[in-house]
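Let's take a walk through this one together, starting with a charged pair and working towards the packing of a helix. Keep the model open beside you as you read.

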Amino acid sequence: MTDRRPLGTSFESWIDRQIREAAERGEFDNLPGAGKPIPGAGEPYDEMWWIKQKMRAENLSFPLPETLALRKEAEEARAAALGARTETEARRIAEEMNDRIRESYRRPLSGPPVVQPLIDVDEVAAGWRAARPVADRAAETEPAPPPAPARRSFLRRLWRH
């Protein structure tokens, strides 16, 4: 392959001859990836393909905008709450996530305008109980927190005093 193209031969025919001779010598046999599909074949062209490939190889993730990162964090918190050891721990995980969501309501986040709803703590607790047999729940020694008192509206509180 280091030979120079002889004068008087066309470029394509010289290349074709070089490839044919190398194939006859067996230089293309047992190459890594032989017989496997070409990665990304059939997918639309993405000019950032090499960055995405490098990040996958290094097991890195793309930095998400804050609004989308909060949504992802809420999904992970819900999954962690359902996998908690006790119902109290599940409720605590959900409440901590709700605190972060409430904080996001107070200050603007970067990224697309996405409003993350609060996690329903009672729904998470019910899901936690449904995923465990009664015997496992009976082993829990921590009592469930008392229900929160019903909140009165601002006008009702003013009217009473």
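**Salt bridges, a helix face and a patch**

R17 has a relative accessibility of 31%, so it counts as partly exposed. Bear in mind as you look at it that this is a predicted model. The side chain of R17 meets that of E21 in a salt bridge, at 3.4 Å from N to O. Both residues belong to helix α1, where they sit 4 residues apart, or about one turn of the helix. E21 is partly exposed too, because its relative accessible area is 26%, and partly exposed covers the range between under 20% (buried) and over 50% (exposed).

Now for R85 and E89, another salt bridge, with the closest N and O atoms 3.7 Å apart. What about their accessibility? R85 has a relative accessible area of 72%, so it is exposed. E89, on the other hand, counts as partly exposed at 21%, and the cut-off for buried is under 20%.

Next, helix α3, which runs over residues 66-82. Which residues of α3 are buried? They are T67, L70, A74, A77 and A81. Look down the axis of α3 and these buried residues fall within an arc of 70°, which means that they line one face of the helix. And what do the buried residues of α3 pack against? Their partners are α4 (87-106) and α5 (121-130).

Last stop, the surface. I19, F28 and L31 form a nonpolar patch there, and together they have about 260 Å² of accessible area. To find F28, go to the loop between α1 (11-25) and α2 (49-57). F28 has a relative accessible area of 41%, so it is partly exposed.

Notes
Residues numbered from 1 in each chain as written. Predicted model: local features only at pLDDT ≥ 70, side-chain atom pairs only at ≥ 80, totals over all residues. Heavy atoms only, no water. Helix = DSSP H or I, 4+ residues; strand = E, 2+ residues; numbered from the N terminus. Expected span 1.5 Å × (residues − 1). Buried < 20%, exposed > 50% of the residue type's maximum accessible area, 1.4 Å probe, protein only. Arc of directions from axis to C-beta. Contact = heavy atoms within 4.5 Å. Patch = residues over 30% accessible without salt bridge, like charges linked within 9 Å, V, L, I, M, F, W, Y side chains within 5 Å. Areas by Shrake-Rupley, 256 points an atom, 1.4 Å probe, with all protein chains shown as cover. Salt bridge = Lys/Arg side-chain N within 4 Å of Asp/Glu carboxyl O.
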